[in-house]
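Hi everyone, thanks for coming.

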Amino acid sequence: MAKTAEDFASAQKEIGVAEFFARNRHLLGFDNKLKALLTTVKEAVDNALDACEEAEILPEVAVEIIEMEPERFRVIIEDNGPGIVKKQIPRIFAKLLYGSKFHRLRMSRGQQGIGISAAVLYAQLTTGRPVKIMSKTGPTEKAHYFELHIDTKKNEPEIIKDELMDWPKDHGVRIELDIEAQYQKGPRSVDSFLKYTAITNPHATLIYTNPKAEQLIFARVSDVLPPLPQEIKPHPYGVELGNLLQMLKSADSLNISSFLQSEFSRVSPQVAKELCQVASILPTTKPDEISRDQADALIKAIKQTKIMGPPTDCISPIGEELLLKGLKKEINAEFYAAVSRVPDVYRGNPFVIEVALAYGGEQSSEEQVNLLRYANRVPLLFQQGADAATKAITSVDFKPYGLSQSRGAIPVGPCTIAVHIASVWVPFTSESKEAIAHYPEILKEMKLAFQEVGRKLASYVSKKQRVGHELKKRSYIEQFVPHVADTLIELLELPAAKKADIERNLITILEQERGEIKEIAQENTEFDENFAQIGDEEEKDEF
Ligand SMILES: Nc1ncnc2c1ncn2[C@@H]1O[C@H](COP(=O)(O)OP(=O)(O)OP(=O)(O)O)[C@@H](O)[C@H]1O
Ligand SMILES: [Mg+2]
C-alpha cells in the first residue's frame with residue numbers, strides 16, 4: 001500500500017550529530033585503517049601544538065604507537081601544554097562539535113571543534129574502548145584522569161572513570177586511544193606526517209616511537225615561538241545575507257551605524273555612513289528593525305564600497321628564514337629557496353601563501369617533484385589531486401626554471417616543493433581537512449609564489465650548468481695542453497726543459513681568451529670543494 005504523509009511523519013526524527021558522523025566516518029578522515037591511524041595522530045598533535053602556542057610554551061609532543069594485536073593499535077599523545085580544566089575534559093573529548101576555535105577568526109590548526117572527539121568516536125566504534133585522558137594545569141595541582149565514552153544518540157559524554165592522580169609533570173595533556181588501524185611507512189604514514197610537521201614547526205620538538213619501537217626525535221631548531229596571532233572581526237566583504245540577518249537579530253548595538261563599526265573589521269564611522277547612504281538606510285535605525293530588503297541593500301552597498309583590507313596580524317606566517325631552517329633540517333639537498341608572499345584576502349578572510357624549495361642532493365631526477373602541502377603549518381597528505389596547490393603548480397611552466405614538465409602536469413626533477421597557506425579560516429574542501437578549495441585569489445597567490453621561487457631556482461640551475469661547462473672546458477685544456485706543448489717542442493726544435501714554460505704560457509693565452517668566463521672558472525675551484533654545502537652558504541642565491 002502506498003505510504004501517506006502520516007506514515008512518513010512517524011518515521012521522521014532528529015539525527016544526532018554523533019550518529020551522523022559514526023555512519024559517515026569518511027567525512028572526518030577515517031575511511032580506511034591506514035588513514036585512521038594518521039588522522040588520530042594528526043588531530044591530537046594539531047591540538048597539542050595549538051594549545052602550547054596559545055599558552056606561549058615551546059611545544060614538546062611525544063607520540064607513541066604500540067601494536068597490541070594485528071590491526072589494533074594503542075596511540076598515546078602527550079604534550080607539555082597548559083592542560084585542560086576538569087570541567088571541560090568530558091565535553092572536549094566526548095562531544096562532537098565542541099571547541100574554542102570555531103567562533104573566532106584567528107589562525108590555528110584546529111577550527112571546527114570536531115577533531116579529537118571524532119578520533120574518540122572512531123576508537124569507540126572499532127575497539128569499544130574508552131578514551132583515557134590525563135590532564136594537569138599547574139605544578140601544584142593534581143592531575144585529573146578520565147575514561148570517557150560518547151553517548152552517540154545524545155552526543156553527550158559518558159564518564160566511566162574520574163580520578164585524581166599524581167603525575168610527575170608540571171602541566172600538559174596525555175591522551176590514550178585504542179583503535180583499529182594499519183601501520184605502514186611511506187609518503188602517507190605517521191612517520192612522514194611528523195617529519196613534514198617538523199619542517200613547518202621548527203620551534204617544536206617531536207618525539208616519536210613507532211610500532212616497530214624505533215624512536216625518532218625531531219628536535220627544535222628555533223627557540224622562538226611564532227608570534228601569537230590576534231583575533232579579528234569578520235570583514236564586510238565576507239558577509240552573506242543570511243549571516244547578516246542573524247547578526248542583526250542578536251545585535252546589542254543601539255543603531256546600525258555602531259553595529260557595523262563594532263561587528264566588522266575596517267568599518268570606520270565614515271565607512272558606516274557611506275554604507276548607510278548607499279543602502280538608503282538611516283544610520284540611527286535599530287539593528288533589529290532592519291528589514292530583509294534593507295539588509296540586502298546593505299550587502300549590495302558593501303560590494304560597491306571600497307573598504308580597506310582586513311588586518312593581517314591574525315595570521316602568523318612561518319617566514320622565509322624559518323622555512324629554510326625547517327626544510328634544511330629534514331631534506332638533504334644542494335640548494336634551498338623560500339618565498340613568503342604579502343597577505344591577500346579571499347571572501348574577507350586574510351591569508352598568506354609561502355613556498356619553499358629544496359633542490360638536488362639525493363632526490364630522484366626521474367620522478368615528479370615531491371609536493372608538500374600545508375595549511376596553518378599542518379601537512380596535508382591526502383587528496384593532492386583536489387588541492388588548489390596542485391592546480392596552481394600545474395598551471396606554472398617550470399621548464400624555464402630548470403625542471404622538466406609535461407603540459408598541465410606536476411614538474412619532474414630532483415626537488416621538494418613545500419607550499420603553505422596560513423589563514424584565519426582555511427577553506428578545506430571537506431570536514432576531514434585534506435585539500436584546499438580553489439578560490440581564485442588563493443590560486444593566483446600560489447601561482448605567483450611558485451613563479452617567484454622558480455626564478456630563484458632558475459638562477460641556481462643555470463649557474464650550475466655554466467659552471468659544469470666551464471669545468472669540462474678546463475679539463476679539456478688541462479688534458480690537451482701537454483700534448484700541444486710536446487708537438488711545439490718537436491716542431492720548433494726547442495729544448496725539452498722549456499715544456500713547463502710552454503704549458504704555462506699556453507694556459508695563460510687560452511684563459512685570457514675566455515675572458516670573463518675565466519672568473520667563473522676561478523669560482524669553480526671553491527665550487528668544487530663546497531659543492532655539497534652550497535645550499536647552506538649565506539650567499540646560496542648567488543648560485
Ligand atoms: N591537548 C590539548 N590541550 C589543551 N586544550 C586542548 C587540547 N586538545 C584539545 N583542546 C581544546 O579542545 C577543543 C576541541 O578540540 P578539537 O580537536 O575537537 O577541535 P578544534 O581543535 O577546536 O577544531 P578541529 O575540529 O578543526 O580540530 C579545542 O578547541 C581546545 O580548546
Ligand atoms: Mg583539533
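Predicted model: local features only at pLDDT ≥ 70, side-chain atom pairs only at ≥ 80, totals over all residues.

Residues are numbered from 1 along each chain as its sequence is written, chains are lettered from A and ligands numbered from 1 in the order in which they are written, and side-chain values use heavy atoms, with hydrogens and water left out.

The protein has 15 helices and 14 strands, taken as DSSP runs numbered from the N terminus, with helices being H or I of at least four residues and strands E of at least two. Its radius of gyration is 30 Å, well over the 24 Å that the globule rule gives for 543 residues, so the protein is more spread out than a compact globule. That radius is taken over C-alpha atoms, and the rule is 2.2 Å times the number of residues to the power 0.38. Along the principal axes, the C-alpha atoms fill a box of roughly 115 × 65 × 65 Å.

Now, where are the cores? A nonpolar core is a set of buried Ala, Val, Leu, Ile, Met, Phe, Trp, Tyr and Cys residues joined through side-chain atoms within 4.5 Å; buried means under 20% relative accessible area, with a 1.4 Å probe and protein chains only. The largest has 69 residues, and Leu 37 and Phe 93 are among those with the most contacts inside it. Helix H3 (residues 33-54) gives the largest share of this core, eight residues. Apart from it lies another core of 39 residues, including Val 396 and Tyr 460.

Definitions and conventions: Buried < 20%, exposed > 50% of the residue type's maximum accessible area, 1.4 Å probe, protein only.
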